[in-house]
Amino acid sequence: MMKGAGLCLALLVIASLAIGVEDLSLSGAGDRLPLLDLLSISRMPRTLAAVLTGAGLAVAGQIMQTLTRNRFVEPSTAGTAQSAALGILIVTLFLPSAGIGLKALVASGCALAGTALFLSTAHRLPPEQPHLVPLFGLVYGGVVGAAVTYVAWQNDLLQYLDIWMNGEFSGVLRGRYELLFFCVLLIAAALLAADRLTIMALGEGQATSLGIDYRRMTQIGLVLVSVMSALSVVVVGLVPFVGLVVPNLVSRIFGDNLRGTLPLVALCGAILVLSADIVGRLIRFPYEIPVGTVLGVVGPFVFLWLILQERRNA
Amino acid sequence: MPIRHITRRALCVAGLLLAASHALAMDVETYAGKVEIDTPPKKVAVFDIAALDTLLAIGVTPAGVPKTLYLPELAGVAEKAEIVGDIFEPDLEALSALSPDLIIVGGRSSGKEKQTSRIAPSLDMTMDGVDVIDQARRRAITYGELFGRQDAARQAVERFDSSLDRARKSVQGKGRGLIVMTNGPKVSAYGSESRFGWVHKALGLPPAVEQMQAATHGEPVSFEFIRKADPDWLLVLDRAAAIGASDQNARATLDNALVAETKAWKSGRVIYLPAADFYIAAGGLQATQRVLSAIESAFSAHP
């Protein structure tokens, strides 16, 4: 299965490198851009950004679902992404000249605080009512989102905010996405912690008796989720549903042993976002449809299907 | 009772005549259809920045204005007027405290005349973007008649037309242009049917990309698109600058290896349009004149 997914991603990468407004040309004859320049300036960065965002968000979603022990939670529905956007907004207001690095830092900090608050509350909800957690997450994300909207509205930044709230890759070029490479480190860290995360999914009591430092692991998971979400919000904007749909589909087919499934989650996340970006580039060629819009259209249907399936299995 | 009927009718007619002696009873052509205004307004609240700009051009001072006016040229106006909401949303309480005898909405407050007309006769003076230049003229003439400043309006329109003429002459035969708007790190392109299309039509500037669809908010495009279009002139609107947030400027967004390959960038033919004049106050006589002279001076600098 890993092989199949890997092959699929490889094909998508090739397609993504080939698709764009400029014509591909080997020689760079006439006024055409030489192939290598085109690839290194525009196509490679865009493709890599989509792959890294997708993998990062899917892994972040998986970790978040493990930490909350709930399948219907993901960073963009439970306040993490909204908190990150609040962070960017704060930097924009108080330090307008701040570089993207500082923005990412503050966004990560805010995402961390926002997610920690969500987690600490989610843990107090009665475990016998599993739909309470995602419901609470939606309300919480909505409240944080409303705060963001209010601040933006007060400062005439509403439409500016839309950029972060609707992820897209049209602005990605060499030199404008490299922050996402941190996602590789974070995903690697998540893979290292996969076994522990699997045990944590059993709950605090079980995990502790099996020798897991539950609190420490929660903190690590929190940092991973927050930083990955914040990075993608800073660089490409909010990309919904990846963190929700991908871990669910993977665990439905392959179970919950994260050591085996986490790499697959990352791969499938990359596949989903990259194909959504390719679709967005093609539908109205040569114009673009943001990846957030494409996923926003497809995502709810998959989400509904998942919920209905859940009921049938119950 | 026919006699009583007749007296009543006579009284009515007399009353009408009396009113007409110092009334104006004109049909104002608005975005939402014709509206009859029967007394010349003295105290006017204005929500549309373009309308505000044109009113000032013909010497009408507004009594009520929105909170943020965006154009530095309008800073003095706010000091003398009451704040009655923002450009999107009239503050009905503040409005009714001001009790103006005419309310002008439009653009971002389009459609709000239904609410404000409970307070005073209201006009929606939105310009639909198909032919901003012609509408700018017509609005100015209308305001002139409405406020009894026909001569000032005529002169303002003449000044407007002559700067339009100069801009048109400067543009002729200097190649194709592409209008883009930067919004933070992202770019949209605008064709000749868009809200900024008047630049192509009124000035005779051939578009670098034919057949771009009419999308008010432009078409999100990649930098590859701009390079492929390879315009001789790049007309840039920095949306963040238009609304006063100047942290992510357009130059930084466009300064990349792909845009650097266009004829426009190579030869320094990149025009940064006065953002608020072009974006917020489109169709205001003075604001549009400033846009025209920015275009004229940029084109004239390159023979």
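Biologist: Let's start with chain B. How many helices and how many strands are there in chain B?
Modeller: Keep in mind that we are looking at a predicted model. Of the 303 residues of chain B, 53% count as buried. As for its elements, chain B has twelve strands and 14 helices.

Biologist: Among contacts in chain B between residues at least 6 apart in sequence, what percentage join residues at least 24 apart?
Modeller: Contact here means heavy atoms within 4.5 Å. Taking the contacts in chain B between residues at least 6 apart in sequence, the share that joins residues at least 24 apart is 62%.

Biologist: Now pick one residue, D277(B). Is D277(B) buried or exposed?
Modeller: First find D277(B) in helix 13 of chain B, which covers residues 275-279. Its relative accessible area is 7%. Buried means under 20%, so D277(B) is buried.

Biologist: With which side chain does the side chain of D277(B) make a polar contact?
Modeller: Leaving out residues up to four places away in sequence, D277(B) touches several residues, including L71(B), E73(B), A282(B) and R290(B). The polar contact between side chains has a distance of 2.9 Å, and the partner of D277(B) is R290(B).

Biologist: Let's move to the nonpolar cores. Which residues have the most contacts inside the largest nonpolar core?
Modeller: That core has 88 residues. One to look at is F118(A), which touches M64(A), V73(A) and F136(A), among others, not counting residues up to four places away in sequence. The residues with the most contacts inside the largest core are I63(A), F118(A) and M228(A).

Biologist: And how many residues are in the second, separate core?
Modeller: Look in chain B for some of its members, including L52(B), I58(B), M125(B) and Y143(B). This separate core has 68 residues.

Biologist: Next, the place where the chains meet. What area is buried between chain B and chain A?
Modeller: Chain B gives 36 residues to the contact, and chain A gives 32 residues. Carbon and sulfur atoms give 49% of the buried area. The area itself is about 2900 Å².

Biologist: Which residue forms a salt bridge with R43(A)?
Modeller: Across the interface of chain B and chain A, the rule finds three salt bridges. In the one with R43(A), the closest N and O atoms are 2.7 Å apart. The partner is E224(B).

Biologist: Which element gives the largest share of the side of chain B that touches chain A?
Modeller: Elements giving two or more residues to this side include strand 10 (219-221) and helix 9 (223-229) of chain B. The largest share is five residues, and it comes from helix 9 of chain B.

Note on methods:
Residues are numbered from 1 along each chain as its sequence is written. Chains are lettered from A and ligands numbered from 1 in the order in which they are written. This is a predicted model: local features need pLDDT of at least 70, side-chain atom pairs count only at pLDDT 80 or more; totals for chains, interfaces and linings use all residues. Side-chain values use heavy atoms; hydrogens and water are left out. A nonpolar core is a set of buried Ala, Val, Leu, Ile, Met, Phe, Trp, Tyr and Cys residues joined through side-chain atoms within 4.5 Å. Buried means under 20% relative accessible area, exposed over 50%, partly exposed in between (1.4 Å probe, protein chains only). Buried area is the accessible area (1.4 Å probe) that two parts lose on being put together, summed over both. A salt bridge is a side-chain nitrogen of Lys or Arg within 4 Å of a carboxyl oxygen of Asp or Glu. Helices (H or I, at least four residues) and strands (E, at least two) are DSSP runs, numbered from the N terminus. A polar contact is a pair of N or O atoms within 3.5 Å; within protein, one must be able to donate a hydrogen and the other to accept it, and residues adjacent in sequence count only if both atoms are side-chain atoms.
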